[in-house]
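Here's a quick briefing on how the two chains of this model meet. Have a look at the structure first, then read on.

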2 protein chains.
Amino acid sequence: MASEQKSPLTQKRIVHAALAVADRDGIHSISMRTLATALDAGTMSLYNHIRNKDELIDAMVEDIAATIERPEPGADWKQGVRQIAVSTRTVLHRHPWAVEVWSARIPGPQRWTLMEAILDQLASAGLPDDLTDLGLHAVLNHVLGHTRQELAAVRSNPGTHVQDLAAELDAERFPHVIDHLRYHAEDHPTHDSFLFVLDLILDRLDGMARRHGTGTAH
Amino acid sequence: MASEQKSPLTQKRIVHAALAVADRDGIHSISMRTLATALDAGTMSLYNHIRNKDELIDAMVEDIAATIERPEPGADWKQGVRQIAVSTRTVLHRHPWAVEVWSARIPGPQRWTLMEAILDQLASAGLPDDLTDLGLHAVLNHVLGHTRQELAAVRSNPGTHVQDLAAELDAERFPHVIDHLRYHAEDHPTHDSFLFVLDLILDRLDGMARRHGTGTAH
DNA sequence: ACCTGAACACCGTTCAAGT
DNA sequence: ACCTGAACACCGTTCAAGT
């Protein structure tokens, strides 16, 4: 107790401490001062390992992007894309603050690697350039959009839940919206809409690839 | 010149001034102090018309959401949804900071009205509840995802362009990503991918509605 | 009812000084 | 090379005092 050894600051320790804070209290709770205190260091010491706060947040996103599972090289392309999509969703659920930052900032190497993997799978399906582009965006928009939407009620306003939102709306003006919110408040265990739509997209791309491969369309 | 009359502060004047600043310099450039100065008022005067900064930003989003065109009541449902989607994209391009805030915060009346309109159109197509839900998210994810992606290069880092990103990447590790970025840097006037995918989604929903209507599937 | 300055409790970051 | 306190130039917002 008397001989506590302060472990040295590293960019890794700083990023991990920041992740712990963000996962618990949200990205808004991170300040250089509180983060330094949590690490038992002077505020300015952090700047020996990180250029500024923006780059810290980029490093946090890269760190969690690295935990997304990639398919082994020989895998079927549909299974490959599916695995990346499912794992991305799982990881984003583990870090509820991350989905907003994900779309808002320019990717780093880890995220480029993920995009490269998806594009590689789509290319191996035999899709031409324009349909590969279409497929990448369809998959990414679905994964990020669906996950964002799942996390929205929980995250944005900690007190707010989907049911409460529906209760506040005027039933005369927003009947469909209220139905829709109620629908989302229920559990739908029979088919997970995330996987349902994901497979819809993948099957559609598969069909396009086959049509292209057999030379039916240009 | 000697008899300048200060027009009184209103929530509308404050929101419009904030929109002008955000459209020119980004949402980050808005502070209560600079905004008050722009309005030739004391900082704390703003708080007589707006509860806090978060509600100001919500009010800004609501203000631009109100400018999105809605279809006239009798319109064909596909044309109706299409018009809302196209107009949303146009409006978000006019306010490049808005697409991030859009997904991050809980909707207000204007945005609920838009969702109500889309859901109403989808219901009039004869889609059952679960496919209406699927259709709403497909349309919203596409509109927001595509628009975000169009704006990303321009907005996030004012100096960065898509071509520069591609030039910085290691050609050995990211061949597909580089191709993809180059593809996006080109103009593709022959078919706008926004409309192409939008119509793909709408046609798909139409097909589902017809199959459901004729009782072929449950 | 609306306006506002002072004050409080914070920020991120530069710089110079330490070891 | 790494650490750090002081200082600078900001924040959003509460409160009390004005009209």
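Across the interface of chain A and chain B, the rule finds 0 salt bridges, a salt bridge being a side-chain nitrogen of Lys or Arg within 4 Å of a carboxyl oxygen of Asp or Glu. Polar contacts do turn up: the count between the two chains is 12 residue pairs, both residues at pLDDT 80 or more. A polar contact here is a pair of N or O atoms within 3.5 Å; within protein, one must be able to donate a hydrogen and the other to accept it, and residues adjacent in sequence count only if both atoms are side-chain atoms.

This is a predicted model, where local features need pLDDT of at least 70, side-chain atom pairs count only at pLDDT 80 or more, and totals for chains, interfaces and linings use all residues. Residues are numbered from 1 along each chain as its sequence is written, chains are lettered from A in the order in which they are written, and side-chain values use heavy atoms, with hydrogens and water left out.

**What the interface is made of**

- On chain A, the elements giving two or more residues to the side that touches chain B are α5 (98-104), α6 (109-124), α7 (129-155), α9 (175-185) and α10 (193-213); helices are DSSP runs (H or I, at least four residues), numbered from the N terminus.
- The largest share of that side, 12 residues, comes from α7(A).
- By residue type, the side of chain A that touches chain B splits into 20 nonpolar, 15 polar and 9 charged, with Ala, Val, Leu, Ile, Met, Phe, Trp, Tyr, Cys and Pro taken as nonpolar, Asp, Glu, Lys and Arg as charged, and the others, Gly among them, as polar.

**How much is buried**

- 44 residues of chain A are in contact with 44 residues of chain B, contact meaning heavy atoms within 4.5 Å.
- About 3,800 Å² is buried between the chains, and carbon and sulfur atoms give 65% of that; buried area is the accessible area (1.4 Å probe) that two parts lose on being put together, summed over both.
- In chain A, the residues losing the most area to chain B are A:Trp112, A:Glu116 and A:His176, together 16% of what that side buries.

**Symmetry**

- Chain A superposes on chain B by a rotation of 180 degrees with 0.0 Å of shift along the axis (RMSD 0.0 Å), fitted by least squares on the C-alpha atoms of residues with pLDDT of at least 70 in both.
- That is the relation of a two-fold axis.
- Of the residues of chain A, A:Asn141 comes closest to the rotation axis, at 2.9 Å (C-alpha).
- Both copies use the same surface, as 100% of the contact residues of chain A recur in chain B.
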